[in-house]
Amino acid sequence: MATVLAIHAHPDDLDILAGGTLAFLSATGHRVVMATATAGEGGSAETSPQETARIRLAEAAASAAQIKAEHRCLGFPDLGVFNDDPSRRAVTELIREVAPDIVITGSPVDYHPDHEAISLLVRDACFAAPVANYKTGSAGALAGIPVLYFTDPIGGRDRDGTRVPREFGVDIGRHYAAKRAMVAEHRSQVAWVARQHGIADFMADMDAWTRRVGADFGVTYAEGFRQYRHPPYSREASLQHYLGATLINP
Ligand SMILES: [Zn+2]
């Protein structure tokens, strides 16, 4: 069984982009750790940053608990995730501590600066994790670079509106109920996305997105990924292997 560490920027990003896949992996016996870069304290017009962070961390923990995953938060500021030295060391320390076989993070191009920054941080922290002389805290260096994957960007497109190519899909039909249950834990986001993003129904928007990815792959509900293979990153198709019959090659 593998250890899978999924890291994205804010408490609902992983749920929307990879929740069904993480539910499948957990249900099939893998250890799944869901980490966010920030507590998402910017995501409210009604509560203070401190109160919003408390609410959203509790929601993220409840979402992870829905699929028996572990939950972590790196504690970076919302709208303050940067690809700098202390942040890369913090992400590397998390990766070393969890010691994953597989790492999943966001797309390097996306609509939100925190999404792009955490993707770059995770990519580079995976590279740094086995470098023993790169000091990050108490966790020891890994034996090798974990196998790395990117989710789709939010909406599947870059900032110019061009579709970001994905490599394979995951048929999450059997785990869609779990994905819905995860997303439903993010109660505070219903009002926020209506105000900030003009999305009247948070759950319906997630449903439409997951159906759209499914339609691209000829199934009802799917999530899309691509593997990062630039040497010396691993070219081993670990996640594809564990996905079994849920793997959809285009
Ligand atoms: Zn986000």
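Q: Is the crossing of helix 3 and helix 4 left-handed or right-handed?
A: Look at how the near helix is turned from the far one: anticlockwise by less than a right angle is left-handed, clockwise is right-handed. Helix 3 and helix 4 make a right-handed crossing. Bear in mind that you're looking at a predicted model, where local features need pLDDT of at least 70, side-chain atom pairs count only at pLDDT 80 or more, and totals for chains, interfaces and linings use all residues. Residues are numbered from 1 along each chain as its sequence is written.

Q: What angle and axis distance go with helix 3 and helix 4?
A: Two packed helices are described by the angle between their axes and the distance between those axes. Helix 3 (residues 85-98) meets helix 4 (residues 113-128) at about 60°, and the axes are 8 Å apart. On the helix 3 side, the contact (C-beta atoms, placed from the backbone, within 7 Å) uses Ser87, Arg88, Val91, Thr92 and Ile95. Helix 4 brings Leu121, Val122, Asp124, Ala125, Cys126 and Ala128. Axes here are lines fitted to C-alpha atoms, for helices over the stretch in contact, with angles from 0 to 180 degrees between N-to-C directions.

Q: How many helices and strands are there in the chain?
A: Count DSSP runs from the N terminus: helices are H or I with at least four residues, strands E with at least two. This chain has eight helices and eight strands.

Q: What order do the strands take in the sheet?
A: Strands pair if DSSP finds at least two bridges between them. Here, eight strands form an open sheet with mixed pairing, in the order 3-2-1-4-5-7-6-8. Strand 3 and strand 8 (247-248) are the edges, each pairing on one side only. Helix 2 packs on this sheet, where it touches strand 2 (31-38) and strand 3, and its direction is at about 150° to that of strand 3.

Q: Which way do strand 4 and strand 5 run, parallel or antiparallel?
A: Strand 4 (residues 102-105) and strand 5 (residues 147-151) run parallel, with four bridges joining them. Val103 has Leu148 of strand 5 as its bridge partner. Strand 6, by contrast, is antiparallel to strand 7, again through four bridges, with Asp171 opposite Ala222. Strand 6 also runs antiparallel to strand 8, through two bridges; there, Gly169 is partnered by Ile248.

Q: Where do the residues of strand 6 point?
A: Phe168 and Val170 of strand 6 (residues 168-171) go one way, Gly169 and Asp171 the other, and all are buried. Buried means 20 or more other C-beta atoms within 10 Å, exposed 12 or fewer, partly exposed in between, with C-beta atoms placed from the backbone. Across the chain, 46% of the 250 residues are buried.

Conventions:
Contact = placed C-beta atoms within 7 Å.
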